[in-house]
Amino acid sequence: MSLPSRPNILFVTADQWRGECIGRLGHMVRTPNLDALAADGVLFRRHFASAAPCGPSRACLLTGMYLMNHRSGTNGTPLDARFTNIALEARKIGYAPALFGYTDTALDPRTRPASDPALATYENVLPGFDAAVYLPEDPKAWLKWLRAKGVATPADDFDIYLPVDNYPGAEGKGPSYPPPAYGAEESSTAFLAGEVLSYIEEKGDEPWFVHLSWLRPHPPWIAPEPYNAMYDAEAVPGFIRRETREMEGEQHPWLAFQTNRSGFRAPEDDLAMRQFKATYYGLMSEVDDQLGRILAALKASGQYERTLIVFTSDHGEQMGDHWLLGKSGYFDQSFHIPLIIRDPRAEADGAHGTIVEAFTESVDVTPTVLDVLGLEVPLTCDGRSLLPFLRGRPPADWRAEVHWEYDFRDIRGAAPETELGLAIETSNLAVIADETTKYVHFAGLEPLLFDRAVDPGEFVNLAGQPAAAPRLAAYAGRMLSWRMRHMERGLSHWHLGEGGPVFRR
């Protein structure tokens, strides 16, 4: 079949989902609905976020731009209003992109008065999206829904996540084992899924664009029954780390700094960490079940065959690896994320069920969706359309490596400047990695070089070894070339002269 001129778009993000955690890839986490979607679409095994944490990564995902160009480097760094994005582009052909969840966008302060309350938070909505249901980390919209259902809610909104007391079987388990008071049908994940289904039903045959942005499996790691007990903490994979936090930190000054920071420091209690991981997997299975609910409704209504479906995440999660929690730095665990795209067109049939091994990046998603819609990909986009992979015709000139950036400046607290002797503009790093090698360039600290073939855990830094000097120089050169190719190019493809202006891609 061929898609209508304006197909439906279901663009789903889960938050903080590690890329290997898909059942179809052989992982223990149970994701039958994602597995079925991958079998009916294309799964990109080596897909990476272009930045972390949430705000910067979503800026990359939704603009198609690298951090070095959009410059929204931290949660709270404003995104320049002059840049277009996937929602603004889709509006050009009649969509009204609807957001269910959040985009973590810090708005450009130059466009608003200083007293505007929107400038007191980084959790705003990306221009171009209509906030159908706005649900950032603050759970107010969800709690209002619960109260309407007659469910008692706490005086302090965030107490909704507290585990129930004296939960049977919790003795000897980690602290994240007991569930909250609400059930699976009352979770924020279920709430947003239901709101999406109501919206789609109301739209009828009118083409729609839904961006469903789920918080889970982002912390707090507490899961409703039965997901809290779905995975045994003793059965989850172990941790990729040195014997002690101190040994891990010897690799690099930034790593020593990060492994001792509140919020990033993984606990030394092995049982607690294993239970965190088990609960994390349970939250993933909950997301999968709710996605299955949406997919089943699309199939029942006949809309599945005219809907482009994208499932991905904003970034990964360290989950104790290298003694870290959260998302930061240069390890794959923070940046390797899932990507599944289901294009229902007949010409994609030959690619359905494919697992792509090429390196892909989150900046590729916006160009892909715009390409499917027949829209011109803006010159500002650094990524490339994945449509050739969806049609079973991988391009011969595809990238042979992956790139990402991490800006760890601290405007309010100046921690990197105080503890690492850096400046605001040198508190950042960039990574280039391929099959055999990872090179990490710090603006103000010594680099790192890993042999990924012989040292997959990335424990041995080769950067200071004389024998590795040629390899170090070669990858530093490749990174420089990458940055030069992608420097901001808003007007660089224009020429003014005799005969008038000329533009060429």
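Me: Which residues is phenylalanine 311 in contact with, leaving aside its neighbours within four places in sequence?
Reply: In this predicted model, where local features need pLDDT of at least 70, side-chain atom pairs count only at pLDDT 80 or more and totals for chains, interfaces and linings use all residues, Phe311 is in contact (heavy atoms within 4.5 Å) with Val12, Ala14, Trp17, Leu34, Leu37, Val287, Leu291, Pro338, Leu339 and Ile340. Residues are numbered from 1 along each chain as its sequence is written, and side-chain values use heavy atoms, with hydrogens and water left out.

Me: And how many residues has the largest nonpolar core?
Reply: That core, a set of buried Ala, Val, Leu, Ile, Met, Phe, Trp, Tyr and Cys residues joined through side-chain atoms within 4.5 Å, has 61 residues, and Phe311 is among those with the most contacts inside it, along with Trp17, Phe100, Trp142, Leu212 and Trp214. Buried here means under 20% relative accessible area (1.4 Å probe, protein chains only).

Me: Which element gives the most to this core?
Reply: Helix α9 does, with 12 residues, and another core, of 36 residues, lies apart from this one and includes Ile9, Val42, Val310 and Leu375.

Me: Changing topic, at what angle do α6 and α9 pack?
Reply: Helix α6 (residues 188–203) and helix α9 (residues 270–301), both DSSP runs of H or I with at least four residues, pack at about 15° with their axes 9 Å apart. They are therefore roughly parallel, a label for angles under 35 degrees.

Me: Which residues of α6 meet α9?
Reply: Thr189, Ala190, Ala193, Gly194, Val196, Leu197 and Ile200 do, and their partners in α9 include Val287, Arg293 and Leu298.

Technical notes
Axes are lines fitted to C-alpha atoms, for helices over the stretch in contact, and angles run from 0 to 180 degrees between N-to-C directions. Helices (H or I, at least four residues) and strands (E, at least two) are DSSP runs, numbered from the N terminus. Angles under 35 degrees count as roughly parallel, over 145 as roughly antiparallel, 65 to 115 as roughly perpendicular and the rest as oblique. Buried means under 20% relative accessible area, exposed over 50%, partly exposed in between (1.4 Å probe, protein chains only).
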